[in-house]
Amino acid sequence: MADTDTLTRPVSRIDFDRFPRTALCHQPTAIEAMPRLSAHLGGPALFLKRDDCTGLATGGNKTRKLEFLVGAAIAEGADMLVTQGAVQSNHVRQTAAAACKVGMKCHVLLERRVPDRDASYEVTGNVLLDTLFGATHEFRPAGLDMNAEGEAVAEALRAKGHKPYFIPGGGSNPTGALGYANCAQEIADQCAADGQRFDWLVMATGSTGTQAGLVAGFHAMGYDLPVMGVSVRQPHDRQVAAVHGLTQRTLEHLGAGSIDKDRILVDDGYVGEGYGIPAPSTFEAIHMTAQQEGVLLDPVYSAKGMAGLIGLIRQDFFKPTDRVLFLHTGGATALFAYEDQLLASLT
Ligand SMILES: *Cc1c(COP(=O)(O)O)cnc(C)c1O
């Protein structure tokens, strides 16, 4: 049957109403031009999608995922959220805040993933806010299977009579990734409303749910916007495999087919020495974005993503006429856990 609507609609829509969901997030988040940064770099027109302003406890990308994860926890009758992350995890901070908002308890496992930090690293920044939100925490050494550790702790809590809902690291499973499939639809809607388009979307990629959700969302809608993930941790092949795996599982969850691995784009040139260790290019991105646009990036994720965008511009990766959207995933709370290095980088 001919559907006349499809002639006027730019994309097909995804039905998110079939998934449990809890409102946590200011949305749509703004899309803003970055004219001074674009001119400073002599590059294509740059824009910022302000997911650092999702509204919950200083904002960030995990809030969109948590709408669906906490929705599932409530549907299941849980009374407690259990999750895991690195010590300065933004995901843990947003989960702790979401638990308060819906009246649940929260318990978290913090992995000592970043070497050579002083004692203040484990109390300031995001950890301070986790504590303010009343989340209890326990530490783990680096290198364990943290999702397995978290599942085991949740199981022990269940045996004691609690009703925990376990959220994997970064909220990165097909349920959490729905938040970014939803963001893909939001971006398409904003473009349609403004009669604009973007040629590229660039962002930091870590536990993969953000990139996988976006790619799955655009694919499910038949909307052509390539997504370049800038790795903050893993080398190219491992990150591509991980993002592709979750993209496929998210598409399955959406009932929206599958996608080839060569559609997953990752640049691993900005990791530096490893997760949570800022490189000189990380600090350059923090300084430049602050001083050209008055926007704060964080040293673990968004500044490595921006360093990737800056690097790609310098390599003439984009056409001069391209319009490039950078997804600001938040995280500036962690700046205070890197005060020593940030101060040193400014002198
Ligand atoms: C978690 C996080 C990311 C990465 O998102 P993933 O879905 O884990 O890939 C990027 N930026 C910030 C600030 C984050 O906290």
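Entry 1: I looked up Pro28 and found it in the loop between helix H1 (5-8) and strand S1 (31-33). Helices (H or I, at least four residues) and strands (E, at least two) are DSSP runs, numbered from the N terminus. The peptide bond from Gln27 to Pro28 is cis, with omega near 0°. I then turned to Asp116, which lies in the loop between S4 and H5. Asp116 is not a glycine, yet its phi is positive, about 60°. I noted for comparison that most residues other than glycine have a negative phi, and that most peptide bonds are trans.

**Entry 2: the model.** I recorded that this is a predicted model, in which local features need pLDDT of at least 70 and side-chain atom pairs count only at pLDDT 80 or more, while totals for chains, interfaces and linings use all residues. Residues are numbered from 1 along each chain as its sequence is written, and side-chain values use heavy atoms, with hydrogens and water left out.

**Entry 3: the domains.** I looked up the domain assignment (bounds from an automatic or database assignment) and found domain 1 (4-60 + 173-345) and domain 2 (62-171). Their centres, taken over C-alpha atoms, are 23 Å apart. Domain 1 brings 44 residues to the contact and domain 2 brings 36 residues, where contact means heavy atoms within 4.5 Å.

I next looked up the buried area, that is, the accessible area (1.4 Å probe) that two parts lose on being put together, summed over both. Between domain 1 and domain 2 about 3,200 Å² is buried, and carbon and sulfur atoms give 60% of this. On the side of domain 1, Leu24, Leu56 and Tyr275 lose the most area to domain 2, together 18% of what that side buries.

**Entry 4: salt bridges.** I applied the salt-bridge rule (a side-chain nitrogen of Lys or Arg within 4 Å of a carboxyl oxygen of Asp or Glu). The count comes to 15 salt bridges. Glu67 lies in helix H3 (residues 62-75) and Arg21 in the loop between H1 and S1, so this pair ties together parts that are 46 residues apart in sequence. The closest N and O atoms of the salt bridge between Glu67 and Arg21 are 2.9 Å apart. Across the interface of domain 1 and domain 2 the rule finds four salt bridges.

**Entry 5: aromatic pairs.** I searched the whole structure and found eight aromatic pairs. Rings of Phe, Tyr and Trp (its six-membered ring) pair if their centres lie within 6.5 Å; planes under 30 degrees apart count as stacked, over 60 as edge-to-face and the rest as tilted. Tyr121 and Tyr338 form an edge-to-face pair, 5.5 Å centre to centre with 90° between the planes. Tyr121 is in the loop between strand S4 (105-112) and helix H5 (126-132), and Tyr338 is in the loop between strand S10 (323-328) and H12, 217 residues apart.
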